[in-house]
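Here is a briefing on one protein model. Look over the fold before reading the points below.

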Amino acid sequence: MKRVIFFIGVLVLIAILIACSSSKDHRKGGVIDSPKKRGEISYVGDEKAASNLSGPASPSPYAAHRCEMDYPYHNTEQYDFKSENTFKDVIENPLSTFSIDVDAASYSNVRRFINSGSLPPEDAVRIEEMINYFSYDYLQPANDQPFSVNTEISSCPWNSGHRLVHIGLKGQDIELENMPASNLVFLLDVSGSMNMQNKLPLLKASFRLLVDQLRPEDRVAIAVYAGSAGLVLKSTPGDQKERILNAIERLQAGGSTAGGAGIILAYNEAQNNFIKGGNNRVILATDGDFNVGVSSDGELVRMIEEKREKGVFLTVLGFGTGNIKDSKMEKLADRGNGNYSYIDNIQEARKVLVSEIGGTLFTIAKDVKIQVEFNPARVQSYRLVGYENRLLNREDFEDDTKDAGEIGAGHTVTALYEIVPRDIDKVLNDDDGLKYQNVNIDSEALGSPELMTLKLRYKQPDGDKSKLITSPIIDNGRALSKTSDNFRFSSAVAQFGMLLRDSKFKSDATFSNTLKLAKSSKGNDPMGYRAEFIRLVESCILLADSN
């Protein structure tokens, strides 16, 4: 009997060993579904495409079908520290200069945290990106200008003794069929870190939506990177959708992350198929975790700056949780004359790649800078709300070699200044106490009703010389209750951001007041984005109460 039991035990052990060996042999790392080793890349197309390898494939630390519980979870998300803008004295700092920003990644990332039941890290909150996530009902551009300029002034909702200046730009709307032909290169991260449900599967679903928007005159190539980089689809006309979709569908994750090599490959492919007068762009989709080859921020930024001068721009799409390299992806998009969005669900993918495809992919004005000169007779001090990493020196405004932000077709861009009004009687009798100089306010300023003068510079997408727009702004004393939905909703979002950052300038701001302001200014909301914002504020009230 003991021999029988021993014999059965041996058979069971042998069966277990065979099963483990079979399971190991059938794990699929790498990019295309094939029996190759983990991290090795297969190619769609001819043998020439395979010559674009940047180096040997690396073994994957992830199996393509792994259970996410098999590995310990480590949160390695990275956000840059940003010191909040403070109030500037107008006598000492009469000019405020900054680059516009149309990125919206911070809002969807913040939403991800709140929906998961926690408040975001302070450095994940970029107030200007939260404000600019939403579209506003601004006037359409006139006189062949690429964008309109809209301004409004009223009481500051979180500090009634201050005034709030609202500046809004509206990019020209262009129907998709009237947009220039596109030469796109999808640069897709298929490394092991993308092997999670909210990463590569969501990435595939997102790009299927984009492919549906392609026209026959558009072209698409697909480059991928894991342990090495390769071209899985050569530049293909946009009406060959089945071929493009098949290439996307066969992608699988595995390997380390040779992001730098992938970027080089993608830019070379875009340059080889360059469309003069068209939209030439690399679309990078990743969690931002570059760890093989060229990977430092400095090296990548220099590389991308060089490529943008040749007319190829960059859009960055972030995916996933746990190891998002937010600071790296924001820098790459900014320096690549593009935008950065964070895709946390398929609805966000639809917003970025379908509803707002013009703003995402088609630049109508580049290097857009704003410079405000404040009237010292009317303004004691001012604070730009957000845009901390977009500030420029005063001399940069006139310098056409200085890079700045881009506006896409149909985009709206909004900026807010919090103003401390000046007592005119104090101006006339003020002694600044300086030993070596005496600051006098010009008599013309004293008699002027102007609060400030707004100046903008921009270039055409393929231009090198900027154009100037100048507009004086007057405070007509409008009450907050009489302002537009644009004004009140943008200020509600700004107030929300200050609360999430625990800003020292939040004054009387509360989540409850934010909720009331947002509800009163919801306005026309066909896609439900403002209603969703209201729900986020309500969630924060519950989170605050529970803590």
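Is Asp144 buried or exposed? Asp144 is exposed, with a relative accessible area of 82%. Here buried means under 20% relative accessible area, exposed means over 50%, and partly exposed lies in between (1.4 Å probe, protein chains only).

This is a predicted model: local features need pLDDT of at least 70, side-chain atom pairs count only at pLDDT 80 or more, and totals for chains, interfaces and linings use all residues. Residues are numbered from 1 along each chain as its sequence is written, and side-chain values use heavy atoms, with hydrogens and water left out.

**Overall make-up**

- The protein chain has 16 helices and 16 strands. Helices (H or I, at least four residues) and strands (E, at least two) are DSSP runs, numbered from the N terminus.
- Of the 547 residues in the protein chain, 54% are buried.
- Among contacts in the protein chain with a separation of 6 or more, 79% come from residues 24 or more positions apart. Contact means heavy atoms within 4.5 Å.
- The protein chain exposes about 24,200 Å², and carbon and sulfur atoms supply 50% of that area. Accessible areas come from the Shrake-Rupley method with a 1.4 Å probe; for residues, only the protein chains shown count as cover.

**Aromatic pairs**

- The structure holds 18 aromatic pairs. Rings of Phe, Tyr and Trp (its six-membered ring) pair if their centres lie within 6.5 Å; planes under 30 degrees apart count as stacked, over 60 as edge-to-face and the rest as tilted.
- Phe134 and Phe489 make an edge-to-face pair, 5.0 Å centre to centre with 80° between the planes.
- Phe134 lies in the loop between α4 (127-131) and β3 (147-156) and Phe489 in helix α14 (residues 485-500), so this pair ties together parts that are 355 residues apart in sequence.
- Phe134 is buried at 3% relative accessibility. Phe489 is buried at 0%.
- The ring centres of Tyr382 and Tyr417 are 6.1 Å apart and the planes are at 70°, so this pair is edge-to-face.
- Tyr382 sits in strand β12 (residues 379-385) and Tyr417 in strand β14 (residues 412-421), so the pair ties together parts that are 35 residues apart in sequence. Both Tyr382 and Tyr417 are buried.

**Ring cluster and a lysine**

- Which residues do ring pairs link into a cluster? They are Tyr107, Tyr133, Phe134, Phe489, Phe496, Phe511, Tyr529 and Phe533.
- Lys351 lies over the face of Tyr133, 3.9 Å from the ring centre. Lys351 also lies over the face of Tyr529, at 5.4 Å from the ring centre. A charge sits over a ring if NZ of Lys or CZ of Arg is within 6 Å of the ring centre and within 35 degrees of the ring normal.

**Helix α15**

- In helix α15 (residues 511-520), the buried residues are Phe511, Thr514, Leu515, Leu517 and Ala518.
- They cover an arc of only 165° around the axis, which puts them on the same side of α15. The arc is that of the directions from the helix axis to the C-beta atoms.
- An α-helix has 3.6 residues a turn, so residues three or four places apart point the same way.
- The buried residues of α15 pack against α14 and α16 (529-546).

**Asn339**

- Asn339 is in the loop between α9 (326-335) and β10 (340-343). Asn339 is buried, at 8% relative accessible area.
- Its side chain makes a polar contact with the side chain of Thr315 (3.2 Å). A polar contact is a pair of N or O atoms within 3.5 Å; within protein, one must be able to donate a hydrogen and the other to accept it, and residues adjacent in sequence count only if both atoms are side-chain atoms.
- The Asn339 side chain also reaches the backbone oxygen of Gly359 at 3.3 Å.
- Beyond its neighbours within four places in sequence, Asn339 is in contact with residues including Val102, Asp103 and His411.

**Positive phi**

- Most residues other than glycine have a negative phi.
- Asp144 has a positive phi, near 65°, and is not glycine. Asp144 is in the loop between α4 and β3.
- Tyr387, also not a glycine, has a positive phi of about 60°. Tyr387 is in the loop between β12 and β13 (405-408), and is buried at 1% relative accessibility.
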